[in-house]
Amino acid sequence: MPFDATAAGEGSALGQLLQQLAQALPGLDGRIAEAAADEFALAAAGPAIGQLLQHLRSRHPEAGPHYWGCRSWSLLLWQPTYATVLGVELAAALPDWTAMQQGLLPGMVAGFSLPAQPLRHGSAASLRQPAAAQLSAIAASVLSQLAAQQPLHAKLAGRLLADCVVAALLLVQRLQPARDNAAIEQLTGQWLTALDLPQASGVWPVTLENGGERLALARRACCQHFRRCDGALCSSCPKLQAAARVALLRKEWAQHADPA
């Protein structure tokens with residue numbers, strides 16, 4: 001019978017961590033269990049990658065290989081990335097994320113399982129380097145498997161990974177507003193340096209209409225979503241001029257009614 005966080009008791013350290021992650025980011029749903037039939041290991045993602053690519057190519061043939069590769073990469077890495085960063089920064093805990101088994105849905109990767117295991121605890125500062133090492137190993141493995149089916153330049157892949165890390169740090173700030181902009185800028189530098197991606201992404205302060213400032217993701221790479229027939233440039237796309245990004249970001253933040 002699979003080991004499940006609910007059945008085994010929510011008091012388990014790993015179960016508590018997974019609950020905290022799911023609360024921090026709805027959709028980041030993990031469980032303690034053996035892999036399900038619709039899940040795939042990070043180190044053996046080839047068949048899942050093939051299904052993802054087949055779906056993207058059939059649904060968005062007009063978008064082309066640049067989009068197919070970038071979209072697949074982002075789908076494959078978003079859960080390991082957010083789980084790693086949020087686990088360290090919100091819970092000061094580090095499981096073996098390389099053992100993650102991810103759920104595969106048509107055109108989507110969502111949900112995951114981990115085998116029962118002890119956590120590594122310590123200060124967030126002491127865990128960032130080993131956490132970054134895990135994430136780098138995951139990324140290298142997944143990129144080699146993706147590249148075997150859909151070429152994706154390593155530099156572009158690194159920048160997209162860095163963007164995801166910074167997006168996770170911006171989420172940390174929204175969840176813990178006591179972390180001011182200077183603190184998040186410092187964390188961004190620490191994480192990207194630990195990942196050996198020091199210039200691959202970043203944050204930049206956007207002046208709000210009320211005179212305050214809010215950090216935004218300073219992307220160094222385009223996700224290629226605009227190539228879809230229903231696509232457009234994202235609010236933080238580097239293809240946009242700064243003034244256009246500011247206007248879109250202000251509008252986006254106002255619609256979501258997030259505090260400045």
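**View A. Ser72 touches Leu52, Leu53, Leu56 and Leu146, leaving aside residues up to four places away in sequence (contact: heavy atoms within 4.5 Å).** The model is a predicted one, in which local features need pLDDT of at least 70 and side-chain atom pairs count only at pLDDT 80 or more, whereas totals for chains, interfaces and linings use all residues. Residues are numbered from 1 along each chain as its sequence is written, and side-chain values use heavy atoms, with hydrogens and water left out. Ser72 belongs to helix H4; helices (H or I, at least four residues) and strands (E, at least two) are DSSP runs numbered from the N terminus. With a relative accessibility of 0%, Ser72 is classed as buried (under 20% relative accessible area; exposed is over 50%, partly exposed in between; 1.4 Å probe, protein chains only).

View B. Leaving aside residues up to four places away in sequence, Tyr82 touches Leu25, Leu28, Gly87, Cys164, Ala167, Ala168 and Leu171. Between Tyr82 and Leu119 the C-alpha to C-alpha distance is 17 Å, with a separation of 37 residues in sequence.

**View C. An open sheet is built from four strands in the order E1-E5-E4-E2, with mixed pairing.** Strand E1 (30–32) and strand E2 (39–41) are the edge strands, each of which pairs on one side only. From one strand to the next, the twist averages 35°. Helix H2 (residues 13–24) packs on this sheet and touches E1 and E5, and the direction of H2 makes about 170° with that of E1. Helix H4 (residues 64–91) also packs on the sheet, where H4 touches E2, E4 and E5; its direction makes about 30° with that of E5. Axes are lines fitted to C-alpha atoms, for helices over the stretch in contact, with angles from 0 to 180 degrees between N-to-C directions.

**View D. Strand E5 pairs with E4 in the antiparallel sense and with E1 in parallel.** Strands pair if DSSP finds at least two bridges between them. Four bridges link strand E4 (residues 101–105) to strand E5 (residues 108–114), and Leu104 faces Val109 of E5. E4 and E5 make up a hairpin that has two residues between the strands. Gly107, in the turn of this hairpin, has a positive phi of about 70°. E1 and E5 are joined by three bridges, and Gly30 has Phe112 of E5 as its bridge partner. Because five of the seven residues of E5 are buried, this strand is largely enclosed by the rest of the structure.

**View E. Ala92 and Gln224 have positive phi values although neither is glycine.** For Ala92, phi is near 50°. Ala92 is placed in the loop between H4 and strand E3 (93–94), and is partly exposed at a relative accessible area of 22%. For Gln224, phi is near 75°. The loop that holds Gln224 runs between strand E8 (213–217) and helix H8 (242–256); Gln224 is buried, at a relative accessible area of 9%.

**View F. One cavity of 30 Å³ or more is counted, by the rule given here.** On a 1 Å grid over the protein atoms alone, a cavity is a set of points where a 1.4 Å probe fits but cannot get out, and a pocket is an open set with protein on both sides within 12 Å along at least five of seven lines; lining residues have an atom within 4 Å of a point. Points are joined across faces, edges and corners, and a volume is the space filled by probe spheres set on them. The largest cavity holds about 40 Å³ of space. Its lining consists of Arg219, Ala221, Cys222, Cys223, His225, Phe226, Ala232, Leu233, Cys234 and Cys237. By class, these lining residues are eight nonpolar, one polar and one charged (Ala, Val, Leu, Ile, Met, Phe, Trp, Tyr, Cys and Pro count as nonpolar, Asp, Glu, Lys and Arg as charged, the others, Gly among them, as polar).

**View G. The largest pocket contains about 1,400 Å³ of space.** Its lining comprises 43 residues; nearest the centre of the pocket lie Tyr82, Ala167, Arg174, Leu217 and Arg219. H4, helix H6 (154–175), E8 and H8 are the elements that contribute two or more residues to this lining. The lining of the largest pocket has 25 nonpolar, seven polar and eleven charged residues.
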